[in-house]
Amino acid sequence: MVSHAGAALLAQVADTLGLTGALSRPLGSVKQRRRGHDPGRVIRDLAVMLADGGECVSDLGAVRDQPALFGAVASDSTAFRVVDRIASEPALLAAVRAAHARARERFWALHGAPARLTIDVDATLITAHSEKEGAAGTYKGGYGFHPLAAYADETREALGALLRPGNAGANTAADHVAVLDLALAQIPVEHVESIEILVRADTAGATHGLIDYCRAQDMRFSVGYELTEPVRAAILEVPEPAWVTALDQDGSARANGEVAELTGRVELGSWPEGARLIVRRERPHPGAQLSFSDHDGHRFQAILTDQDDQDIAVLECRHRQRAHVEDRIRDDKDTGLAKFPFKQFALNQVWLEIVLLAHDLLVWTQALLLDGELQTAEPKRLRYRLLHVAARLAFHGRRARLRLQHDWPWATELATAFQKLKALPAVTG
């Protein structure tokens, strides 16, 4: 009998996409003994453990105790030494990121590259104790870290993340540029020059450093914009016929919300040519607090963008889809991001990279092997229905068969996923 039978999908997806091999080659120097554990396999197993719901290195025991499914898995101390060695050499951390990019290239080749890529950049707060290096007071009165991450909206993939102290600025342009550099390095070479890229951020992204960087990299931008006094005055001067109905995510008219363009009413000369200012007004839900109100009691939100679409309702709706990044961050907090287990800052940066690997193992598995509701399910639901399923592993000759409980509601989905995985072409090179 084996537990967590569905988690074997994650390990095999890592092998099939070439992630394990891409990690093993550059990390070979970390191996201290000829017969020791492959460092690439160690990082893969840590990513599988996090994707399966683990929170710290010691949770690797749930994977290690099932060699029939996962093979030989390193001890906790060996896994720590691998993480420690990677943290001590920046080139090794870069190698982990390069291996991640190589596996993404393989995934895009199998699943198809998006026609357009939207990179959402956002920060979150992670509570930590004071003895952890880099932990500091946050703007919300807590204590911990303030990592900044970038995700691909169309594919739900994690593209890069930067670990920062808790007191790091929300609108630090250099940090936004750094995380976008990491994200761009994750895009396969054959697509990075041709694909249309849109960078989205909240008001923290409305800095000249970030906007100038986007323009230099030939990327569009869509960022939140502060409701300054000139913006507020311009909003109140917009004639009623200039307001158009906002759109819901499915393209239908939104019951509560209207959009107007302020580009000619607010001075935007300091921003790049083609910058546009768009504002949405809506009736606040009961209990919501207004930052300011006109005679009709609306709530207003503004965005700055250089997209040239004529329909401003489409532009505003597209920016509102930035809320998806909150889902990605929430998923990662359920996949190892909620706790940084080490005292040293550099080790926790490596941990953050493993969290990104775990995130993408889940996304790649869903995209390649699952259908319907399970293809977009959050990690908790995926674990409950598939990953944590018990099964009987039967061996006959040189073949192993995984026998599932026949009346488990999702047994067919799990069996089909293993069949699809087996049908994927083997990685070459």
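The structure holds 0 disulfides, a disulfide being scored as a pair of cysteine sulfur atoms within 2.5 Å. Of the cysteines examined, Cys56 is partly exposed at a relative accessible area of 26%, whereas Cys317, at 6%, is buried (buried, under 20% relative accessible area; exposed, over 50%; partly exposed, in between; 1.4 Å probe, protein chains only). The model is predicted, with local features requiring pLDDT of at least 70 and side-chain atom pairs pLDDT 80 or more, while totals for chains, interfaces and linings use all residues. Residues are numbered from 1 along each chain as its sequence is written, and side-chain values use heavy atoms, with hydrogens and water left out.

Helix α1 (residues 8-16) and helix α3 (residues 39-51) have axes that come within 9 Å and cross at roughly 140°, which makes α1 oblique to α3 (angles under 35 degrees count as roughly parallel, over 145 as roughly antiparallel, 65 to 115 as roughly perpendicular and the rest as oblique). In this contact (heavy atoms within 4.5 Å), Leu10, Ala11, Ala14 and Asp15 of α1 meet Arg44, Val48 and Ala51 of α3, and the residues involved comprise 5 nonpolar, no polar and 2 charged.

The axes of α1 and helix α16 (residues 411-423) come within 11 Å and cross at roughly 15°, and the two helices are therefore roughly parallel to each other. On the α1 side the contact is made by Ala8, Leu9, Gln12, Val13 and Thr16, and on the α16 side by Leu414, Ala417, Phe418 and Leu421; these residues divide into 7 nonpolar, 2 polar and no charged.

Methods
Axes fitted to C-alpha atoms, helices over the stretch in contact; angles between N-to-C directions. Helix = DSSP H or I, 4+ residues; strand = E, 2+ residues; numbered from the N terminus. Nonpolar A, V, L, I, M, F, W, Y, C, P; charged D, E, K, R; others polar.
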